[in-house]
Amino acid sequence: MKASEIHEFFGRLAAQDPEPRTELAYTNPYTLLIAVVLSAQATDKSVNIATQRFFKEVRTPQAMLDFGEAALQECIRSIGLYRTKAKNIMELSRILAHQFQGQVPQDRTSLEALPGVGRKTANVVLNVAFGQPTLAVDTHIFRVANRTGLAPGKTPRAVEDALLQVVPDAWLLHAHNWLILHGRYVCVARSPKCNVCCVRDLCAQARTLEPRAIAVECHD
Ligand code: SF4
C-alpha cells in the first residue's frame, strides 16, 4: 500500500471512530494488565464477565494477594488456562507489590519480565494504559494487515515491525485499537464484510476479487 493510501486508510478509520477504546473492562493500569493476561486465547467478553466478579474488590497488587489464588481461580474458571493464569497473576502481583511499590512499570523490559506477560501483553499495556505508540499484533491485526496489504508478514512480530515502519506517527497511538476493531467487526475471519468496509477501495484483497465475488464473500 502506498504512503498516501495508508494515510487515507487511517483517516477513514479515524473518521468513523475518533477515539477507539479497548473493549476490555479496567479501571487502572493494574486491572488492565490483569485483564490482558486473562485475555490470552479468550474473548474480551468472557474476560469482562470474569473480572466483574472481583474488580470491585481487587484493584491493586496487594488487594490481589489478600484475595488469594483460590478465590481468583473460582472467579476465572470459565476462562481457558485459568489455573496457569491465576498462578501467574498471583506471582506478578507479588512482584509488583514488593519491587514496584504496587505500580505497573511503564517500560517493556520490566513488563516482559513479569510472569505471563509477553510482548503482546506488554504492547497493549504500554499503548492503552500509558499512551505509548505500540502495536500488539493479535489475530485480528495480523489478518487485517495481511489482507489489506498494509503490512504483510508471516509472523506477528514481522507484522508488528512492518506496521511500525509504515504507520504515520499521527495515527500510531490509536492504530492498535482501530485495526483490532476493524478486524473484529468488519474484516472478520470467515466472511469479511467488504460491502460495508470503508477502506475497500484501498484493500489489496478486495482489489483481487470481482464485484460479484465480493458480494458473495461478504454475505453473512
Ligand atoms: S475490503 Fe474486505 S478484505 Fe479488505 S479490509 Fe475491508 S473487509 Fe477486509
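Visitor: Which residues surround the ligand?

Guide: The model shown here is predicted. In this model the ligand sits in the largest cavity. Helix H9 (139-148) and helix H12 (204-208) are the elements that give two or more residues to the shell around the ligand. The ligand is surrounded by Arg147, Thr148, His182, Cys187, Pro192, Cys194, Cys197, Arg200, Cys203, Gln205 and Ala206.

Visitor: How many residues of the shell around the ligand are nonpolar, polar and charged?

Guide: The shell includes Cys187, Pro192 and Ala206, and such residues count as nonpolar. Arg147 and Arg200 also belong to the shell, and Arg counts as charged. The division is 6 nonpolar, 3 polar and 2 charged.

Visitor: Is Thr31 buried or exposed?

Guide: Thr31 has its place in helix H2 (residues 29-38). Leaving aside neighbours within four places in sequence, Thr31 is in contact with Tyr26, Phe55, Val58 and Arg59. Buried means under 20% relative accessible area. Because its relative accessibility is 0%, Thr31 counts as buried.

Visitor: Which helices do the buried residues of H8 pack against?

Guide: Helix H8 (residues 119-129) is mostly covered, with 8 of its 11 residues buried. Those buried residues are Thr121, Ala122, Asn123, Val124, Val125, Leu126, Asn127 and Val128. They pack against H2, helix H7 (108-112), helix H10 (156-166) and helix H11 (169-185).

Visitor: Which residue just after H8 takes a positive phi?

Guide: Most residues other than glycine have a negative phi. The residue in question is a glycine, and its phi is about 65°. Just after H8, the residue with this positive phi is Gly131.

Visitor: How many residues apart are Glu5 and Arg207?

Guide: The side chains of Glu5 and Arg207 meet in a salt bridge of 2.9 Å, N to O. The pair links distant parts of the chain, with Glu5 in helix H1 (residues 3-16) and Arg207 in helix H12, and the separation is 202 residues.

Visitor: What is the N to O distance between the side chains of Arg77 and Glu74?

Guide: Side chains of opposite charge can pair when their charged atoms come close. Arg77 counts as partly exposed at 45% relative accessibility. The side chains of Arg77 and Glu74 meet in a salt bridge, and the N to O distance is 3.2 Å.

Visitor: Where is Gln41, and what is its relative accessible area?

Guide: Phi of Gln41 is near 55°, a positive value in a residue other than glycine. Gln41 lies in the loop between H2 and H3. Exposed means over 50% relative accessible area. Gln41 is exposed because its relative accessible area is 75%.

Visitor: In which loop is Gln101 found?

Guide: Gln101 has a positive phi of about 50° although it is not a glycine. With a relative accessible area of 66%, Gln101 is exposed. Gln101 is found in the loop between helix H6 (82-99) and H7.

Methods: Residues are numbered from 1 along each chain as its sequence is written. This is a predicted model: local features need pLDDT of at least 70, side-chain atom pairs count only at pLDDT 80 or more; totals for chains, interfaces and linings use all residues. Side-chain values use heavy atoms; hydrogens and water are left out. Helices (H or I, at least four residues) and strands (E, at least two) are DSSP runs, numbered from the N terminus. Buried means under 20% relative accessible area, exposed over 50%, partly exposed in between (1.4 Å probe, protein chains only). Contact means heavy atoms within 4.5 Å. A residue is near a molecule or strand if one of its heavy atoms lies within 4 Å of it. On a 1 Å grid over the protein atoms alone, a cavity is a set of points where a 1.4 Å probe fits but cannot get out, and a pocket is an open set with protein on both sides within 12 Å along at least five of seven lines; lining residues have an atom within 4 Å of a point. A molecule sits in a cavity or pocket if more than half of its atoms lie within 2 Å of its grid points. A salt bridge is a side-chain nitrogen of Lys or Arg within 4 Å of a carboxyl oxygen of Asp or Glu.
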